[in-house]
Amino acid sequence: NDTIYASQGRTVLATSPDGFIYQHKDHGLWVYQTRMLCRYRWLINGQPPEVCGCSNIEQHNCLVYYICVIPSCKEIHTPDACNSTQQTLELRLSRFIGDGMHEDIDLTNHTQMQTSFQLQLEVAADFVSPSEAGGERQQHGELKEHWRRTEDSKWELEFDYQVEHSWEHQGDRGVTRMHRGIQLTLESADSQPEYRDGKISFAVTLAPHASWRACLRWVPHVEGDRLPLMYGCRAFGQPHSDWDRKRDEFLTGTTAFSGPH
């Protein structure tokens, strides 16, 4: 199976085994059968890190671990001494799916050396249906994107899509309209972001054994209505919504088994 899923209610996150979304027919962040995000990939100095594990903790959340050689290694050591298991920079993604996606990003320098690099999020939206993702696109609307700083010093990236077409069937006529969108809010980040050419970039400097983190909130809107995100930071194992209550009730009443240990 080349797709990893996390889902809840009307929202499904489908990624490749490395935890990233490529413009594959099955991949994406899907809400109400609309693909809100069609590309989603983290890069360090322009290169994807090496995935170590991508696992669901529960149906609606997952953890993804990556490692790479710290970029400053070759300035100090010979190339043979620079490998990702010995001179490790770790990237951890914690994802929570509600009617959108909350993602915690944690970077840790596990070495004795200071390092500096560019962390980038490559992101795109296309707002297609499942049938269009696997075939020819049928609807062609207007897609806008906006990058801005809010009054409370947060950063936002919004994709907004509107399309309409006239129809006629057995003497009836009308106009069908669709309005979808998704907004990213950077709740916190340990360095200032920049957005250009489909990439959000952060300049990161890490002392030995230091960490860097950011918090991303992806909130969809459907026909102008913003959907509830449900989850905040570090939300593993914490009940937050009616979906959590229903899931707990279901699991409590299902058959269970145990072994001697």
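**Entry 1: a sheet**

I began with an open sheet of four strands, ordered β1-β2-β3-β4 and paired antiparallel. Its edge strands are β1 (4–8) and β4 (34–37), and each of them pairs on one side only. I looked up the twist: it averages 25° from one strand to the next. I note here that the model is predicted.

Next I took the pairing of β2 with β3. Strand β2 covers residues 11–15 and strand β3 covers residues 28–31. Four bridges join these two antiparallel strands. I also checked what faces Thr11, and found Val31 of β3 opposite.

**Entry 2: aromatic pairs**

I searched the whole structure for aromatic pairs and got seven. One of them is Tyr40 with Trp218. The ring centres are 5.9 Å apart and the planes stand at 70°, so I logged this pair as edge-to-face. The cut-off for that label is over 60 degrees.

Where do Tyr40 and Trp218 lie? I found Tyr40 in strand β5 (residues 39–44) and Trp218 in strand β16 (residues 211–222). The pair therefore ties together parts that are 178 residues apart in sequence. Both Tyr40 and Trp218 are buried.

Then I turned to Trp147 and Trp155. Their centres are 5.2 Å apart with 15° between the planes, and the pair is stacked. Is Trp155 buried or exposed? Its relative accessibility is 18%, and buried means under 20%, so Trp155 counts as buried. Trp147 has a relative accessible area of 24%, so I wrote it down as partly exposed. Trp147 and Trp155 form one aromatic cluster with Tyr195.

**Entry 3: the core**

I listed the largest nonpolar core, which has 53 residues. Which residues touch the most other members? They are Tyr40, Trp42, Leu107, Leu119, Phe159, Leu216 and Trp218.

I followed up Trp42. Leaving out residues up to four places away in sequence, I found that Trp42 touches Phe20, Pro48, Leu119, Phe202 and Leu216, among others. Glu103 and Gln120 are also among the residues Trp42 touches.

**Entry 4: positive phi**

Most residues other than glycine have a negative phi. Gln170 has a phi near 50°. I placed Gln170 in the loop between β12 (155–169) and β13 (172–189). Its relative accessible area is 72%, so Gln170 is exposed.

Glu223 also has a positive phi, near 50°. I found Glu223 in the loop between β16 and β17 (225–226). At a relative accessible area of 42%, Glu223 is partly exposed.

Terms used: Residues numbered from 1 in each chain as written. Predicted model: local features only at pLDDT ≥ 70, side-chain atom pairs only at ≥ 80, totals over all residues. Heavy atoms only, no water. Phe/Tyr/Trp six-rings, centres within 6.5 Å; stacked < 30°, edge-to-face > 60°. Buried < 20%, exposed > 50% of the residue type's maximum accessible area, 1.4 Å probe, protein only. Pairing = 2+ DSSP bridges. Axes fitted to C-alpha atoms, helices over the stretch in contact; angles between N-to-C directions. Core = buried A, V, L, I, M, F, W, Y, C linked by side-chain atoms within 4.5 Å. Contact = heavy atoms within 4.5 Å.
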